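Me: I have a protein model open and would like to learn how to read it. Could you walk me through its features one at a time?

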Amino acid sequence: MPDEVVLPPTVEEDPKTSDGGDDEGMEEPPSNKSRNYGHYHQEDGPTHFCKVILAPKLECIPMPLDFTKHFVPVPTEFKLRNNTGCSWKVTMKLMNGRVTLDQGWATYAAVHQIKIGYMVTFKLLTPDTLKIIIFDVDGIEVVNKCEKHDEAFAAKE
């Protein structure tokens, strides 16, 4: 049996702290970040939200107020990108004081077979692009290739 290898302690096991207090020697955070116990957080707001599909009609999806209030200008259209690289354009509409994914969403939902009980996660990638991941009623990620891009996924001979 080979000799045992001794690894150096990790940061959690042996943190190197100065004797002069918690803040001594720490750099100031960039202007758009706040410091909290030695680590930084962007002050931009949330980047994710999810929706459980409860209604049989999927004409539009209202976005949470806590998500959209951090947009300085709300884009008039978003690109939706799914897990197979397919991108769709969806227009935005203000309904009852909430920003809503409107034109294009129903077609996206139909083509990607989003059903009642499915959960859809939305992640802000860029100011006008949302990454979408769809989970079925069992919590399994749904990987649908888009019917409109069948030729792109066909094997070349």
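Me: Let's start with the hairpin. Through how many residues does a hairpin join strand 8 to strand 9?

Reply: Two residues: that is the link through which the hairpin joins strand 8 to strand 9. Keep in mind that you are looking at a predicted model. The two strands pair in the antiparallel sense, with seven bridges between strand 8 and strand 9, which covers residues 129–135. To see who faces whom, find Met119, which stands opposite Phe135 in strand 9.

Me: Which other strand pairs with strand 8 in the antiparallel sense?

Reply: Strand 3, residues 48–52, pairs with strand 8, residues 119–126, over five bridges. Here you can look for Phe49, which stands opposite Phe122 in strand 8. Remember Phe122, as we will come back to that residue.

Me: Now for charges. How many salt bridges does a search of the whole structure find?

Reply: First the idea: side chains of opposite charge can pair when their charged atoms come close. In this structure the search finds three salt bridges. One is between the side chains of Asp66 and Lys69, at 3.4 Å from N to O. Asp66 and Lys69 are both exposed.

Me: Where do Lys89 and Glu77 lie?

Reply: Their side chains meet in a salt bridge as well, at 3.7 Å from N to O. The pair links distant parts of the chain, with Lys89 in strand 6 (residues 87–95) and Glu77 in strand 5 (residues 77–81), twelve residues apart. Lys89 has 55% relative accessibility, so Lys89 counts as exposed. Glu77, at 35%, counts as partly exposed.

Me: And which residue forms a salt bridge with Asp128?

Reply: That is Lys79, with the closest N and O atoms 3.9 Å apart. Asp128 lies in the loop between strand 8 and strand 9, while Lys79 lies in strand 5, so the pair ties together parts that are 49 residues apart in sequence. Asp128 is partly exposed, with a relative accessible area of 31%, and Lys79 is partly exposed at 32% relative accessibility.

Me: What about rings? How is a pair of aromatic rings described?

Reply: You use the distance of the centres and the angle of the planes. The count for this structure is five aromatic pairs. Take Trp105 and Tyr108: their centres are 5.5 Å apart and their planes are at 25°, so the pair is stacked. Both residues lie in helix 2 (residues 105–111), three residues apart, which is about one turn of the helix.

Me: Are Trp105 and Tyr108 buried or exposed?

Reply: Both Trp105 and Tyr108 are buried. Trp105 also pairs with Phe122: the centres are 6.0 Å apart and the planes at 45°, so this pair is tilted. Because Trp105 lies in helix 2 and Phe122 in strand 8, the pair ties together parts that are 17 residues apart in sequence. Phe122 is buried, as is Trp105. Ring pairs join these residues into a cluster made of Phe49, Phe67, Trp88, Trp105, Tyr108 and Phe122.

Me: Last topic: the core. How many residues has the largest nonpolar core?

Reply: It has 28 residues, and those with the most contacts inside it are Met63, Leu101, Trp105, Ile114, Phe122 and Leu130. Strand 5, strand 6, strand 7 (98–101), helix 2, strand 8 and strand 9 each give two or more residues to this core. Helix 2 gives the largest share, four residues. For one member up close, pick Met63: leaving aside neighbours within four places in sequence, its contacts include Phe49, Phe78, Met92, Leu101 and Leu130.

Me: And how much of the protein is buried?

Reply: Buried residues make up 25% of the 157 residues.

Note on methods:
Residues numbered from 1 in each chain as written. Predicted model: local features only at pLDDT ≥ 70, side-chain atom pairs only at ≥ 80, totals over all residues. Heavy atoms only, no water. Pairing = 2+ DSSP bridges. Salt bridge = Lys/Arg side-chain N within 4 Å of Asp/Glu carboxyl O. Buried < 20%, exposed > 50% of the residue type's maximum accessible area, 1.4 Å probe, protein only. Phe/Tyr/Trp six-rings, centres within 6.5 Å; stacked < 30°, edge-to-face > 60°. Core = buried A, V, L, I, M, F, W, Y, C linked by side-chain atoms within 4.5 Å. Contact = heavy atoms within 4.5 Å.
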